[in-house]
Amino acid sequence: MATVAVQSFVSAPLQVPKVTQFKIGICQLKVTTEKSANIFNARSMIQAAAEQGASLILLPEMWNCPYSTDLFAKFAEDFSDIDSAPSLLMLSEVASSLGVTIIGGSIPEKDAGQLYNSCPVFGPNGELKAKHRKIHLFDMGKPLPGEVQFKESDNISAGEKPTVVDTDCGRIGIGICHDIRFPELAMSYSARGTVVTCLSSK
């Protein structure tokens with residue numbers, strides 16, 4: 001799938017946005033089981049990054065909930081209804097009030113009975129500019145007693161498309177955690193003229 005994506009990107013005409021200098025703020029926060037506390041902490045870190053001059057601000061993977069497959073559904077939000085999605089609403093409001101671009105790490109997304117590990121991208125006007133669904137899910141361990149096991153695919157559906165978004169900071173490619181292990185994704189983004197690839201991780 002990744003090879004096909006590279007070929008289709010190369011064949012498309014490129015109209016690459018002008019690249020300007022900008023400062024990136026990278027936020028890493030301690031996640032709790034209280035969603036409202038996670039949202040408050042993320043807002044505070046975004047504000048602190050903006051106060052230090054960052055115009056592009058990144059959050060980590062699954063920042064609004066513990067990284068536990070049995071909790072994803074409880075913390076999931078509907079990207080098509082931002083007004084009823086507190087995590088997304090906060091990102092939209094703070095991006096607009098601070099005039100920054102936010103790569104929103106990832107949160108659990110619910111859509112048509114499915115869950116996704118999804119990264120929202122908000123522009124400085126508060127608009128949801130793009131959404132990336134994690135393509136390469138993280139599964140590890142064997143089903144044997146005593147071994148560490150984790151299967152993201154038990155609860156999360158995989159995304160199907162690479163995500164490139166034009167922002168005030170230039171053209172950006174988006175990935176989430178395990179996506180970084182597949183260089184074809186970064187190659188496809190480079191072929192599209194991206195100035196940076198943002199990959200959130202836990």
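## Asp-111 and its setting

Asp-111 has a relative accessibility of 33% and counts as partly exposed, the class between buried (under 20% relative accessible area) and exposed (over 50%), taken with a 1.4 Å probe and protein chains only. The model is predicted: local features need pLDDT of at least 70 and side-chain atom pairs count only at pLDDT 80 or more, while totals for chains, interfaces and linings use all residues. Residues are numbered from 1 along each chain as its sequence is written, and side-chain values use heavy atoms, with hydrogens and water left out.

## Overall make-up

The protein has 202 residues, of which 45% are buried. Its secondary structure consists of five helices and eleven strands; these are DSSP runs (helices H or I, at least four residues; strands E, at least two), numbered from the N terminus. Among contacts (heavy atoms within 4.5 Å) with a separation of 6 or more, 64% are between residues 24 or more positions apart.

## Salt bridges

There are seven salt bridges, each defined by a side-chain nitrogen of Lys or Arg within 4 Å of a carboxyl oxygen of Asp or Glu. In one of them, the closest N and O atoms of Glu-93 and Arg-43 are 3.4 Å apart. Because Glu-93 belongs to helix α4 (residues 86-98) and Arg-43 to helix α2 (residues 35-51), the pair ties together parts 50 residues apart in sequence.

Glu-109, Asp-111, Lys-131 and Arg-133 are linked in a network of salt bridges. Glu-109 is buried, with a relative accessible area of 1%, whereas Lys-131 is partly exposed at 32%. Arg-133 and Asp-111 form a salt bridge with their closest N and O atoms 2.9 Å apart; Arg-133 lies in strand β6 and Asp-111 in strand β4.

## Aromatic rings

Arg-133 also lies over the face of Tyr-116, 3.7 Å from the ring centre. Elsewhere, the whole structure holds one aromatic pair. Tyr-67 and Phe-72 form this edge-to-face pair, 5.5 Å centre to centre with 75 degrees between the planes. Tyr-67 is partly exposed at 23% relative accessibility, while Phe-72 is buried at 0%.

## Positive phi angles

Most residues other than glycine have a negative phi. Met-62, however, has a phi near 45 degrees; this residue is in the loop between β2 (56-58) and α3 (72-75) and is buried, with a relative accessible area of 0%. Ala-112 has a phi near 50 degrees and is in the loop between β4 (107-111) and β5 (114-122). Ala-112 is exposed, at 76% relative accessibility.

Notes
Phe/Tyr/Trp six-rings, centres within 6.5 Å; stacked < 30°, edge-to-face > 60°. Lys NZ or Arg CZ within 6 Å of the ring centre and 35° of its normal.
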